[in-house]
Amino acid sequence: MISTKKNKIIDKLFQILGIISTFFGLLLLAVFIGFILYQGLGRLNFDFITALPSRIPERAGIYTALAGSLWILALSIIFSVPLGIAAAIYLEEYIPEGKFSKFLEINISNLAGVPSIIYGLLGLQIFSMFPGLNGSLLAGAFTLSLLILPIIIVAAREAIRAVPSSIKDAAYALGATKWQTIRHQTLPAAFGGIMTGIILALSRAVGEAAPLIVVGAMAYVPFVPKSPIDQYSVLPIQIFNWISRPQHGFVINAAAGIIVLLVITFSMNALAVYLRNKNQKKFS
Amino acid sequence: MKKSSEKIIEKLLLSSALFTILTTLLIIAILLFETVKFFSEISIIDFFTDTEWTPLFDDKHFGILPLLSGTFLTSMVATLIALPVGLVIAIYLNEYSGNKFRKTIKPLLELLAAVPTVIYGFFALVIVTPFLQQFIPGLAGFSSLSAGIVMGIMIIPYVSSLSEDALFAVPKSLREASYGMGATKFQTVFKVTLPAASSGVIVAVILAISRAIGETMIVAIAAGQQPRLTLNPLVPVETITAYIVQVSLGDVPRESLEYTTIFAAGITLFIFTLILNNISFWLRNKFREKYD
C-alpha cells in the first residue's frame, strides 16, 4: 500500500517536471525577447528602417540590409520553388519503386542534413568561376536556394501524398492524362500544404547568415542593390556586424535590428501554422 | 501529340529530381578538389596530430584537433541541455498532457528552432555570459559554455519532436498491459514505453548532435575565435564552422594555402555530419519495421 502511494507521488512529481521542461525553453526565449525589446525598442523608429548604414551608431539604419534580404528572398523563390515542386511531383507520382527511388530519398535526407556553411563553400567555389558574380545577390540566392531545396521537396511531397486518391481516380475516370490530373487536381489540392512548406523554408532562408558570409555578402553596403549582380548585405549579417563592434551604440542597433528580424520570421511561422491548421481540416 | 508532351514533362520533372544528386556530387567534388590541394602541402599526419591550428599566423600550424575539440565541446554542452529537457517534454506531451495542450504547445516549441541563429548568438554573448559570470568567476567573455547552452535551447524542439514520434510509435497494447498490472504512468513510461522507443530516441539525439556540430553563427559570435585544444568549457575556443566564417570575413587570397584550409576543415565537418545522419536514417528504418 505504502509503495503505491509513493509511486503516485513520483508520478505527480514527474508531471510537474514535464510542465517545467515544456516551458523551460519558451520562458528563456521570452526573457531574451523581453531583454531585446527593452534594449532595442527605443531605437526602433522610421529613420532606423530607412537610414543607410553608418559608422555612427545613432545614424545607422537597416535600409540596405532589409532591401538585400528582400532581394535574396525573391530570387531564392524563383530558383527553388519550381525546382522543389517539380522534384516532389516526380518523386511522388512518377518514380518507379525500387533502388533508384530509395537512393534519391536518402540523398535528399542527406542534403537536408548538410550544415548550411557547407552550402556556402559550394556557392563560393561555383561562383569563383564567374568573377563578375562574386559576392552578388545571384550567388547568394543560388546558394540559399540549394540550402532550402530539400526542405521544399520534403514538404511538397508530404502535401502531394496527402491528396486522397479518390480525387485522382475521378480525374482518370474522365479520361484525363497523368499530367492533366496532376496539373488540375493534385497540385491545386496540395497547394495549401506546399505553401506551408515554402513559407517555412523561406523563413529559414531569411535568417541565414553563415552561408552568405562565405559566398561573399558584405557587412557594409552603403547602397540599395539595383540588379541581381549587385553586391548586398542582409539583415542577419548587418546584425552580426553590429554585435561584433565594441561601441555600446551598436549593441542597441543590433537589438533593434533583431526585433525587425524576429517580427519577420515569427510572422512567417505564424502564417505557416495557420495554413497548416486550415489545411488539416480540408481532407479530414 | 499529347503523348509526346506528357513524355517531355516527365523528363523535366525527372531532371529536377536528378538536380539533387548533382548538388551532392558538386559538394563532394569541390570539397575534395581543394582538400587535395591542401594535403599536397600539408601532411595528413600533421593535420590529425598537431595540437595547434594557426594557418593565419606567421608560425603556421595545421592541426585540426583544436577545432574538433571546440566543435565537440559546444555540441556536448548543447546536447546535455537539449537531451533531458527534450526527452521529458516528449514524454509529458505524449503520455500525460491532453490533446489540446499538445496541439497548442507544439507550434510554440517549434518557434525555438525558428529563431535565426545570429539572434541566439546575441543572446549568448549579451545575456547568458554576463549572467553566468556572476556565479562562475572564471568564465571568459567568450566560451563554449554560453554558446552551448543557447544552442541547447535551440535544438530542444528537434529532440522533443523526434522523441515524441518514437514514443507515439509504441503500440498501445504494450502500455495497456503495463497498466493492467497496476503500474503507474511513470512506471509504464520508464519500464515499458521508453525502452521500446529507445532506438527512436537515439535517432533524435544523433540528429540533434549533427545539427549542433554544423551550427555556425552562435559559436562564431559567442564561443570565441581562438582555436584551443581543451575540454574546459569556460575558455574561448573555435569551432570548425566559426573558423570558416573567420576566414570568409577576412581577406584571404584565392589560390593560397589559407584558402584551401576552409575546405579541409569543411570536409571534416561534412564527413562527421554525413556519418551521424546516416546512422540515424539506418536506425530509423530499423525501428520503423519493428512494430509494423
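**Group meeting: a predicted two-chain model**

Good morning. I begin with one residue: B:Val159 touches B:Ala82, B:Leu83, B:Gly86, B:Leu87, B:Ala204, B:Val205 and B:Ala208, leaving aside residues up to four places away in sequence. Two residues are in contact here if their C-beta atoms, placed from the backbone, lie within 7 Å.

This is a predicted model, in which local features need pLDDT of at least 70 and side-chain atom pairs count only at pLDDT 80 or more, while totals for chains, interfaces and linings use all residues. Residues are numbered from 1 along each chain as its sequence is written, and chains are lettered from A and ligands numbered from 1 in the order in which they are written.

B:Val159 also leads us to the largest nonpolar core, which has 175 residues; B:Val150 and B:Val159 touch the most other members. The largest share of this core, 18 residues, comes from helix α6 (residues 137-161) of chain A. A nonpolar core is a set of buried Ala, Val, Leu, Ile, Met, Phe, Trp, Tyr and Cys residues joined through C-beta atoms within 7 Å. A residue is buried if 20 or more other C-beta atoms lie within 10 Å of its own, exposed if 12 or fewer, and partly exposed in between, with C-beta atoms placed from the backbone.

How many residues does each chain bring to the contact? Chain B brings 66 residues and chain A brings 65 residues. On the side of chain B that touches chain A, helix α1 (residues 2-41) of chain B gives the most, with 18 residues. That side of chain B has 46 nonpolar, 15 polar and five charged residues. In this classification Ala, Val, Leu, Ile, Met, Phe, Trp, Tyr, Cys and Pro are nonpolar, Asp, Glu, Lys and Arg are charged, and the others, Gly among them, are polar.

I turn to chain A. It has eleven helices and zero strands; helices (H or I, at least four residues) and strands (E, at least two) are DSSP runs, numbered from the N terminus. Of its 284 residues, 45% count as buried. The C-alpha trace of chain A spans about 75 × 70 × 35 Å along its principal axes.

Finally, the domains, whose bounds come from an automatic or database domain assignment. Chain A is assigned domain 1 (1-40) and domain 2 (46-282), with C-alpha centres 34 Å apart. Chain B is assigned domain 1 (2-41) and domain 2 (65-290), with C-alpha centres 30 Å apart. In chain B, six residues of domain 1 are in contact with eight residues of domain 2.
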